[in-house]
Amino acid sequence: MNRKSIFIAGLSAALLAACSGSDNAPAETTPPVTPPVAAAPKNVIFFLGDGMGLTTMTAARIYAVGEDGELTMDTLPETAFVKTFSNDAQVTDSAPSMAAYMTGVKMNNEVISMSQNTVAVDPINDSAGNKLGNNCGASNGTPAVTLLELAKAAGLSAGVVSTARVTHATPAATYSHICHRDLENDIAAAAVPGGAGYNSALGATGLDVLMGGGSQFFKPVKDGGKRADGRDLIAELKAKSYAYASNSTEFNAIDGTKTDKLLGLFTSSHMSYDLDRDPAKEPSLADMTTKAMDVLAKNSKGYFLMVEGGRIDHALHETTAKKALQDTVAFDNAIKAAIAKAKLTDPTLANTLIVVTADHDHTLVLNGYAKRTGKTTTANAGVLGVVKNYVTGAVDKDLDGAPYSIIGFGNGENRVQASRASQASLDDTVTGGNTYHQEAVVRVGVGGETHGGTDVFLGAVGKGADTFTGTIDNTKVFNLVKSAAGL
């Protein structure tokens, strides 16, 4: 037998011995079962700057950090432009534009998260004489499912934070369905689990966080509210185990990490402009955002949080640019705080999607060939000042020989009807004032400056952010968020 044959024979014998049973052979063992790894929570924070068009963003950047500075919004790695037109209008209002983000459905102006065929029917007077009576009709459209409702159905927590009334168009579009945005009593009722008018698509427990202004729509008329039905929705929500805060002291006393459900209504109507806000009475948008995250993060499955900088829009309607820019900066501070907080538990944002956008534009413009101003300070009006020539530094004049401000509006309440020669004394101290109404080309009623139809900015970071690219319709945002969150 040669060496090769001997080797094969020996190997065969060894294999037979290994396969044979024996009293001395070790008992077979079952490999340990590795427990399944719990799925990481999937979190979405959707930031909406109401009315925050591209020019407003640019002006806010110059106002806060100068021409060459950066807001947090500017640092978001993925960006897109969003078309905002509604189903029936070239220039949208906040109701269908936010609803398009939340539902993926184009709807008519004034309509809150309903099917495309829903007609906006003006409210009628209720028994208290307020124009809050529902006149929608029995067969006027059907509800369109929102991202927040999908999140609740998937077992995630959900929250809504706004500096506007929580029943206003933008927050309302996340959790209610109605033919007209002005039906704020009905919208408030949609948030009360088990109560008349409750939106059952929110599940048995409802919203986990609801914070902002608008307590008048939660209180009966006898208590200074607007509810003709006599219901006290705040009391009803407290009975459903919501912790409640009506001011900063009560808000600060609540530990979000130990709170399951949180309701905060800090003003009767909208919260104050950030420029006017008393921190002892009203928390900042950043503070509300991070506390909401504390409450929602208790859910191991994740959460959906919508945060609105609601008063940017209102200041623009007033043509009080300083208020609008300061509210934009406060909104940006909330984004910065949220990103920092999210990274404490999700350092690379692998399981967190943060989206920042606006629902529509306004008619704010930046005029003239102004020299660089740098940021606004007590000693420098900055972008709020009058136009100074970038070559000579001298104040530029219009055809009537009068100075004009860098910021203006396409339409608004402040328009000189004849020669502007009467504005010869216009200077930075006037145009930089907290309540100065910038001049407009077209004169409209007080507070009547309109939205604009220009595309808006969208920035994103985190899970699925790279899908937001190019110029997209606002309805497409719904699908991108839905996909990223696995809803």
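The largest cavity is lined by 13 residues, among them Thr163, Ser272, Asp274, Leu285 and Asp327, which lie nearest its centre. A cavity is a set of points on a 1 Å grid over the protein atoms alone where a 1.4 Å probe fits but cannot get out, and lining residues have an atom within 4 Å of a point. The model is predicted: local features need pLDDT of at least 70, side-chain atom pairs count only at pLDDT 80 or more, and totals for chains, interfaces and linings use all residues. Residues are numbered from 1 along each chain as its sequence is written, and side-chain values use heavy atoms, with hydrogens and water left out.

**Cavity**
- The volume of the largest cavity is about 100 Å³, a volume being the space filled by probe spheres set on the points, which are joined across faces, edges and corners.
- H11 gives the largest share of this lining, three residues; helices are DSSP runs (H or I, at least four residues) numbered from the N terminus.

**Helices H10 and H11**
- H10 (residues 311-318) and H11 (residues 321-345) pack at an angle of about 170 degrees, with axes 8 Å apart; axes are lines fitted to C-alpha atoms over the stretch in contact, and angles run from 0 to 180 degrees between N-to-C directions.
- H10 and H11 are therefore roughly antiparallel (over 145 degrees).
- Arg311, Ile312, Ala315, Leu316 and Glu318 in H10 meet Lys323, Ala324, Asp327, Thr328 and Phe331 in H11, where contact means heavy atoms within 4.5 Å.

**Helices H3 and H13**
- H3 (residues 94-103) and H13 (residues 474-485) pack at about 30 degrees, their axes 6 Å apart.
- That makes H3 roughly parallel to H13 (under 35 degrees).

Conventions. Helices (H or I, at least four residues) and strands (E, at least two) are DSSP runs, numbered from the N terminus. Angles under 35 degrees count as roughly parallel, over 145 as roughly antiparallel, 65 to 115 as roughly perpendicular and the rest as oblique. On a 1 Å grid over the protein atoms alone, a cavity is a set of points where a 1.4 Å probe fits but cannot get out, and a pocket is an open set with protein on both sides within 12 Å along at least five of seven lines; lining residues have an atom within 4 Å of a point.
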